[in-house]
Amino acid sequence: MPRTTDPDGTPVPQRLLAAATRLFAERGYDRTSVQEIVEAAGVTKGALYHYFGSKDDLLQEVYARVLRVQQERLDAFADADEPVEKRLRGAAADVVVTTIENLDDASIFFRSMHHLSPERNKQVRAERRRYHERFRALVEEGQRAGVFSTATPADLVVDYHFGSVHHLSTWYRPGGPMGPQEVADHLADLLLRALRP
């Protein structure tokens, strides 16, 4: 069985994901070979196939790990005992911050999702849909309570916000004029202004 950590204690799956993420971001998924990934991670192909069945699995996990964090955080915002406006604003800002903190993962995913097998593509879409539906439920809750305007359908409001989030990887640069939280605050405020009755 392959060793689970390297000499400094970093687990092999984490090293493989870090190497794959860096290479996919630099070269593109389709121009990165399994051999290059294992060499960059300092492991054998056997180790890669022990933890990930294929390069396809690595691509899926690059996105899935960010989505898992975002889903957990959205669930916490949605379940909090606070006014819906505060919960939605927190969730709207958080998805921006977590996307910026994982910008390589996000850009890889949107550039390379079409490389996933049909089954994996379907699975990822289902996970994203679950996230979007939970987010939309907050908008709908506020609309039912009269806190948010019903002039724009909740689906369109959610698509508007996530269109901005998905576009971050095309323009945001670390060290630029705005930090992650500042961008998040602006985008969350725009969303709430769009919902104001």
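Student: What span should helix α1 have, at 1.5 Å a residue?
Tutor: This is a predicted model. Helix α1 has 16 residues, 12–27, and at 1.5 Å a residue these should span 22 Å. Its end C-alpha atoms are 22 Å apart, so the model agrees with the expectation.

Student: Which residues of α1 are buried?
Tutor: Val12, Arg15, Leu16, Leu17, Ala19, Ala20, Thr21, Leu23 and Phe24.

Student: And what do those pack against?
Tutor: The buried residues of α1 pack against α2 (34–41), α3 (45–51), α4 (55–79) and α6 (103–112).

Student: Take α2. At what angle do α1 and α2 pack?
Tutor: About 125°, with the axes 8 Å apart. α1 passes α2 in a right-handed crossing.

Student: Which residues meet there?
Tutor: From α1, Arg15, Leu16, Ala19, Ala20, Arg22, Leu23, Phe24 and Arg27; from α2, Glu36, Ile37, Val38, Ala40 and Ala41. By class, that contact has nine nonpolar, no polar and four charged residues.

Student: What comes just after α1?
Tutor: Glycine 28, which takes a positive phi of about 100°.

Student: Different topic. Where is aspartate 75, and is it buried or exposed?
Tutor: Aspartate 75 lies in helix α4. With a relative accessible area of 16%, aspartate 75 counts as buried, because the cut-off is under 20%.

Student: What is aspartate 75 in contact with, leaving aside neighbours within four places in sequence?
Tutor: Arg130 and Arg134.

Definitions and conventions. Residues are numbered from 1 along each chain as its sequence is written. This is a predicted model: local features need pLDDT of at least 70, side-chain atom pairs count only at pLDDT 80 or more; totals for chains, interfaces and linings use all residues. Side-chain values use heavy atoms; hydrogens and water are left out. Helices (H or I, at least four residues) and strands (E, at least two) are DSSP runs, numbered from the N terminus. The expected span of a helix is 1.5 Å times one less than its number of residues. Buried means under 20% relative accessible area, exposed over 50%, partly exposed in between (1.4 Å probe, protein chains only). Contact means heavy atoms within 4.5 Å. Axes are lines fitted to C-alpha atoms, for helices over the stretch in contact, and angles run from 0 to 180 degrees between N-to-C directions. A crossing is left-handed if the near helix is turned anticlockwise from the far one by less than a right angle, and right-handed if clockwise. Ala, Val, Leu, Ile, Met, Phe, Trp, Tyr, Cys and Pro count as nonpolar, Asp, Glu, Lys and Arg as charged, and the others, Gly among them, as polar.
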